[in-house]
Amino acid sequence: MLQSTSRGIQISGAFIIISMSSVMIYWNSYQTKSADITIVNLTRQTTEISIKTCLKNPPSLGHFVFHHFNGTLEDLNNKYQKYKPELGGKFKPLECQEREKLAIIIPYRDRQRHLMDFLSHMPPMLLRQRVEFTIFVIEQDPQEKFNRALMMNVGYLEALKQDNYSCFIFHDVDMYPINDNNIYKCSTSPRHLAVAVEKWKFRLPFRGYYGGVVAYPKAVIEKTNGFSNFYFGWGGEDDDLGARLAVVGLKFVRPAAVYGRYATPVHGKDKGNPVSKDRFRLLGNAKSRIWYDGLNSVVYNVSKIEKKKIYTHIHITVDRQKLEENVKLKNIELEMQHLKSSPINKQ
Ligand code: UD2
Ligand code: MN
């Protein structure tokens, strides 16, 4: 027999209390009733079960199609109302409780059409996957050349000011997964999800390609000191990720190509994001910069945080000169510490 009460469900003598974090079964020796709440006096025997925890292999459609979206943000707000997202766009699966909190970080500038497509395409898939997530759009103001990896650092730091996210997916705004077995959750290793991208004829362009979409658990981001702050303009910053991981002894893992499929609209180069002339030079010493060029030296200014109904939009200004000075200072500071702690100086 299954009987609902205001606090729980009674099943032939066993009482299940549904709490936020777990489901506890208490085998009761006797019960009393107070007001409309059943109070259960418990024996010592308690068993924790996980029927409320989301499954690792949620129901899936497999292949699902990307459609361009022609509506407005208001249309999407209405469409997603049934999922009851918290302000700022924190979505939780309705059927179960997910342990991992995912922040999707989108480096962004002036791609309204792509953003609307992203916001239309992603939440239904993520909710089918039973992911608890928030989308953070990190918009770099127009003064300086676009810096994708810097926006990733900012997104990580700013998301953590909002909640204790444990998994971070750094995502191009113009990439749309088309197989929902490509699960948007973290493992202990960093994951490169964009394995078969339309733009690259659904093949990896080269083995060490880490563009588009990557998933990092928090511990890995801390280990690599986030991402480099130096890649202004297009290119290089994705290759830099691989170099950082190699320094800390980690490698990307990937889903099977049949899952990691993405639709990509054709687009030109953006005005504020010319091909970086420095990228090969920067890649040349990427491994030695990891300790001082990253989360521990990033400088930026938050000009506005907009908590929208279905996502959070953060506006950032970057003073390139200040940033580069700070990174250099961090290098000097670390070298001084290193010298101080070297055996010769300790004598
Ligand atoms: C490739 C990679 C991308 C990145 C880039 C080099 C793929 C599928 N993607 O993308 O991950 O490594 O090369 O930087 O291979 N953006 C804006 N506004 C701008 C410029 C960029 O929002 O003005 C953002 C946006 O999220 C975009 C991303 O940066 O998706 C990458 O820029 P892109 O789309 O111009 O570069 P693309 O397609 O060559
Ligand atoms: Mn693109």
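## A buried lysine

With a relative accessibility of 12%, Lys185 counts as buried; buried means under 20% relative accessible area, exposed over 50% and partly exposed in between, with a 1.4 Å probe and protein chains only. The model is a predicted one, in which local features need pLDDT of at least 70 and side-chain atom pairs count only at pLDDT 80 or more, while totals for chains, interfaces and linings use all residues. Residues are numbered from 1 along each chain as its sequence is written, chains are lettered from A and ligands numbered from 1 in the order in which they are written, and side-chain values use heavy atoms, with hydrogens and water left out.

Lys185 sits in the loop between strand S9 (176-177) and strand S10 (191-192). Helices (H or I, at least four residues) and strands (E, at least two) are DSSP runs, numbered from the N terminus. Leaving aside neighbours within four places in sequence, Lys185 is in contact with Leu55, Glu98, Glu100, Gln129, Arg130, Val131, Cys167, Ile169, Arg191 and Ala215, where contact means heavy atoms within 4.5 Å.

A polar atom of the Lys185 side chain lies 3.4 Å from the backbone oxygen of Arg130. A polar contact is a pair of N or O atoms within 3.5 Å; within protein, one must be able to donate a hydrogen and the other to accept it, and residues adjacent in sequence count only if both atoms are side-chain atoms. Arg130 belongs to the loop between H2 and S7 and is buried, at 15% relative accessibility.

Most residues other than glycine have a negative phi. Arg130 has a positive phi, near 60°. Lys84 also has a positive value, near 50°. Lys84 is in the loop between H1 and S6, and at 66% relative accessibility Lys84 counts as exposed.

## Helices H1 and H2

Two packed helices are described by the angle between their axes and the distance between the axes. The axes of helix H1 (residues 73-80) and helix H2 (residues 112-128) come within 10 Å and cross at roughly 10°. That makes H1 roughly parallel to H2. Axes are lines fitted to C-alpha atoms, for helices over the stretch in contact, and angles run from 0 to 180 degrees between N-to-C directions. Angles under 35 degrees count as roughly parallel, over 145 as roughly antiparallel, 65 to 115 as roughly perpendicular and the rest as oblique.

From H1, Leu73, Leu76, Lys79 and Tyr80 meet Met116, Leu119, Ser120, Pro123 and Pro124 of H2. The residues of this contact divide into 7 nonpolar, 1 polar and 1 charged; Ala, Val, Leu, Ile, Met, Phe, Trp, Tyr, Cys and Pro count as nonpolar, Asp, Glu, Lys and Arg as charged, and the others, Gly among them, as polar. Thr72 is in the loop between strand S5 (37-49) and H1, and is partly exposed at 41% relative accessibility.

## Nonpolar cores

The largest nonpolar core has 39 residues, and Ile135 and Tyr184 have the most contacts inside it. Such a core is a set of buried Ala, Val, Leu, Ile, Met, Phe, Trp, Tyr and Cys residues joined through side-chain atoms within 4.5 Å. Two or more residues each come from H1, strand S6 (101-108), H2, strand S7 (132-140), strand S8 (167-171), strand S12 (213-217) and strand S13 (261-263). H2 gives the largest share of this core, 8 residues.

Ile135, neighbours within four places in sequence aside, is in contact with Gly88, Gly89, Ile104, Ile106, Phe118, Leu119, Tyr311 and Thr312. Another core lies apart from the largest one; this other core has 34 residues, among them Val154, Phe227, Ile290 and Leu323.

Helix H5 (residues 237-247) is mostly covered, with 8 of its 11 residues buried. The buried residues are Glu237, Asp238, Asp240, Leu241, Gly242, Ala243, Arg244 and Leu245. Their cover includes H3, S12, helix H4 (218-223), helix H6 (279-284) and helix H7 (286-289). Gly249, with a positive phi near 75°, follows H5.

Gly294 is in the loop between H7 and strand S14 (301-307) and is buried, at 0% relative accessibility. Not counting residues up to four places away in sequence, Gly294 touches Asn153, Asn225, Phe227, Asn229 and Arg244. A distance of 5.1 Å separates the C-alpha atoms of Gly294 and Phe227, which are 67 residues apart along the chain.
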